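Please keep the sequence and the model in view while reading.

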Amino acid sequence: MMQGRRRPGAGGEVNGNVANYRSQDSKNKRRGPVVFNEPQKLHKMLADMGLGSRRELEDWIIAGRISVNSLPAHVGQRVGPEDKVRVNGKLIHIHFAQRAPRVLIYHKPEGEIVSRDDPEGRPSVFDKLPKVGGGRWIAVGRLDFNTSGLLVFTTSGELANKLMHPSYELEREYAVRLIGELTPEQSKKLTEGIELEDGIAKFNSLADGGGEGSNHWYRVTLSEGRNREVRRMFEAIGLTVSRLMRVRYGPFELPRRLARGKSEELKAEQVEKLLSVVPAKGKQRKGPAEEARPPVDGEAPTSPKRGRRRGPRKPREAGEGGNRAAPQQGAPSPQGGEGDAPARKRAPRRRRRPSAKPAAGGGEA
């Protein structure tokens, strides 16, 4: 095995197994693992870990003693968290700090689609976003083709899922222009709940935004993002939305200075603040059976039961069903021959089923 270079001032030679080698600077120091924040040059990274000087490590790379992802390394090569580095065949564990995700806000104009692939060839919001090295932008929710306003993008799939998932209940705020005016009765329906084809929907709040006639605006908020939900809610009460614009998504607000079709990336400190605001886990959501039937006064709430609900078994009349009627315990079977075997096989099942607990009041426990 090729031996390493003699270290200046040292009596012996460097051990060929570089994992046991410690540089002169780190010989008498106790140090934890070195953590890197971003991909760096290979020889510099290994030198910072105490495996030798930068010059020595460059020589080892040239000699073929260092590999990256099972391929010979080259001088100046950069490695990241996904790369596997081996020195003399031994895997070197390199620690990288988790990089904060990038977050971008975009002012979407009408006439753009929130998709990378469109059979109709319409303009896409992704065409105007800056390029991401080693990743891609993930849209947090969507906006309809004819809807404008705030869109949020991130490079983290985990963060995008948290911002979109209904259990986190991040509030969306929209500015809505209607043809006509809302009556108090209609406003009450929209805030208490209105039936749509995919379930009941309601606004968390509804406020008059001013204007008259065909230029009357309202501000609405809700905590979910179903397809065309705002438009469908107003259509359900007989009103048409002439313009819809999202102005807020959770902690994000659409800046007045941000022109249509332009984007703005959050700074590192803003991303850190966002990560501290978003909870680690979402709220537990009730199932449809729990939400549909509230407990009556004096009744303990019951959890929804799965499977088929059975009522009390109807007693069988004498002679009904022929030889399938259950005989009394200890009594001989009224049928002979071929009827004996089926009667004896069913009898134990019927002895286990007699109701020790009468099912009064239905089959619910």
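Is Arg 219 buried or partly exposed? Arg 219 is partly exposed, its relative accessible area being 37%; buried means under 20% relative accessible area, exposed over 50%, and partly exposed in between, with a 1.4 Å probe and protein chains only. This is a predicted model, in which local features need pLDDT of at least 70 and side-chain atom pairs count only at pLDDT 80 or more, while totals for chains, interfaces and linings use all residues. Residues are numbered from 1 along each chain as its sequence is written, and side-chain values use heavy atoms, with hydrogens and water left out.

A salt bridge is a side-chain nitrogen of Lys or Arg within 4 Å of a carboxyl oxygen of Asp or Glu. Arg 219 has such a contact with Glu 173, where the closest N and O atoms are 2.9 Å apart. Glu 173 lies in strand β12 and Arg 219 in strand β16 (residues 216–222), so the pair ties together parts that are 46 residues apart in sequence. Strands (E, at least two residues) and helices (H or I, at least four) are DSSP runs, numbered from the N terminus. Glu 173 is buried, at 16% relative accessible area.

By the salt-bridge rule, the count comes to 15. Among them is the pair of Arg 248 and Glu 171, with closest N and O atoms 2.8 Å apart. Arg 248 belongs to strand β17 (residues 240–249) and Glu 171 to the loop between α3 (157–164) and β12 (172–179), so this bridge ties together parts 77 residues apart in sequence. Arg 248 counts as buried at 15% relative accessibility, whereas Glu 171 counts as partly exposed at 26%.
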